[in-house]
Amino acid sequence: MNHFETSLDLRKGADPELVERIEAALDTITRRTKGGDWGPYPRTADEILGRTEPPRPIRDERSGLWGYVGAVPPRYAQAQPFADGLAWVRRPESAAWELIDRSGETVIDASTGYLAAERFAEGLAWVSRDEAGGWYAIDRQNRLIIPGGFDDAKAFHHGLALVKRGGWGVIDRHGRLLVQPRYRSFVTPLVSGGPIEGFTDEGLAVVDAGEIFGVVDRAGQLVVPAEHAAIVIHPSAFLVADRFGLWGALDRNGEPLVERKYREQAEVLEQIDRLLADERPVL
């Protein structure tokens, strides 16, 4: 339902009669599913899977210490939000972080000497004993999984993580380097919102190669060469701009789709929508 509604928004008013019919159908589905066994609409992934909301960190005004609402009393100098059922905390008497579960029990104690720690995601967390860098990944049992020693690193998402060693690159959960660390950033603008950091759910990312941009996939292959002044990912194309601010589009194979001659992205979206409508079968 949400995907259908997003698709309607992307049409930007094209074919208003068809949009009106689809909206009426979506409204009918919504009315008929309310009150049944479908649950509330819309539901989050946590609601669908029956996961409860983790306790939130809260600061006690009198002591200045941090705890977690309804779960752990305030006793920490710093407290990160829960992720994967675990949270990093730091006690006032220690410079190092420790890991706790939702009941406040220690999972990894401060004797490990982690001076910096990032949230767990997909069973792994980045930690460092050097505040200036030296990041590597551990699992919940504090086992070293990815040695690395990176300058910086981002949480895993769909089995991939952004890592920095000079420039930014990408590794998988086994520490294999999929994209060489040579880019300024992986920040991916989307037609439907964003930008997002890293890869889209379909496995594409816009890379900054130094004020010129390209697109890589999860295997590290350049889908669109880094030669454009700007790129925005469309559900079925890539919007691209030149240094003069003129926009056009490429198809998903990187081939020209819409000529670069438009001042506004909206004009390119109209052209893409028209091309897709011509190719769409009549139902």
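This is a predicted model: local features need pLDDT of at least 70, side-chain atom pairs count only at pLDDT 80 or more; totals for chains, interfaces and linings use all residues.

Reader: What holds strands of a sheet together in general?

Author: Strands of a sheet pair through backbone hydrogen bonds, and the pairing is either parallel or antiparallel. Now look at a single position. V127 stands opposite Y136 in β10.

Reader: Which sheet has β10 in its order?

Author: An open sheet of four strands, in the order β8-β9-β10-β11, with antiparallel pairing. β8 and β11 (144-150) are the edge strands, and each of them pairs on one side only.

Reader: Which three strands form another open sheet?

Author: β1, β2 and β3, in the order β1-β2-β3, with antiparallel pairing. Here the edge strands are β1 (57-59) and β3 (72-76), each pairing on one side only. On average, neighbouring strands of this sheet are turned by 30° against each other, direction ignored. β1 and β2 run antiparallel and are joined by three bridges.

Reader: Which residue stands opposite W66 in β2?

Author: R59 does. W66 itself is in strand β2 (residues 66-68).

Reader: How do side chains point along a strand in general?

Author: In a regular strand, they alternate between the two faces of the sheet.

Reader: Is W66 buried, exposed or partly exposed?

Author: Read the relative accessibility. Buried means under 20% and exposed means over 50%. W66 has 28%, so W66 counts as partly exposed.

Reader: With which residues is W66 in contact, leaving aside neighbours within four places in sequence?

Author: Among them are P57, I58 and R59, and also P73, P74, R75 and Y76. A241 is 175 residues from W66 along the chain, and their C-alpha atoms are separated by 48 Å.

Reader: Now a loop residue, please. Where is Q80?

Author: Q80 is in the loop between β4 (78-79) and β5 (86-90).

Reader: What does the side chain of Q80 reach?

Author: The backbone oxygen of A117, at 2.9 Å. Leaving aside neighbours within four places in sequence, the contacts of Q80 include Y68, W88, W97 and E118.

Reader: How is a pair of aromatic rings described?

Author: By the distance of the centres and the angle of the planes.

Reader: How many aromatic pairs does a search of the whole structure find?

Author: Eight. Y114 lies in the loop between β7 (106-108) and β8 (116-117), and Y136 in strand β10 (residues 135-138), so the pair ties together parts that are 22 residues apart in sequence. Both Y114 and Y136 are buried.

Reader: Which kind of pair do F186 and F199 form?

Author: A tilted one, with 6.2 Å centre to centre and 40° between the planes. F186 lies in strand β16 (residues 185-190) and F199 in the loop between β17 (193-197) and β18 (204-208), so this pair ties together parts 13 residues apart in sequence. F186 and F199 are both buried.

Reader: Which residues form one aromatic cluster?

Author: W88, Y114, F120 and Y136. The charged end of R252 sits over the ring of F238, 5.0 Å from its centre.

Reader: Which residue takes a positive phi in the hairpin of β19 and β20?

Author: G220, with a phi near 85°. This hairpin has four residues between the strands. Strands β19 (residues 213-217) and β20 (residues 222-228) pair in the antiparallel sense over three bridges. V215 stands opposite V224 in β20.

Reader: Last, the whole chain. How many helices and strands are there in the protein chain?

Author: Four helices and 24 strands. The C-alpha atoms fill a box of roughly 65 × 55 × 35 Å, taken along the principal axes. Of the 283 residues, 35% count as buried.

Technical notes:
Residues are numbered from 1 along each chain as its sequence is written. Side-chain values use heavy atoms; hydrogens and water are left out. Helices (H or I, at least four residues) and strands (E, at least two) are DSSP runs, numbered from the N terminus. A polar contact is a pair of N or O atoms within 3.5 Å; within protein, one must be able to donate a hydrogen and the other to accept it, and residues adjacent in sequence count only if both atoms are side-chain atoms. Contact means heavy atoms within 4.5 Å. Buried means under 20% relative accessible area, exposed over 50%, partly exposed in between (1.4 Å probe, protein chains only). Rings of Phe, Tyr and Trp (its six-membered ring) pair if their centres lie within 6.5 Å; planes under 30 degrees apart count as stacked, over 60 as edge-to-face and the rest as tilted. A charge sits over a ring if NZ of Lys or CZ of Arg is within 6 Å of the ring centre and within 35 degrees of the ring normal. Two strands pair if DSSP finds at least two bridges between them. Axes are lines fitted to C-alpha atoms, for helices over the stretch in contact, and angles run from 0 to 180 degrees between N-to-C directions.
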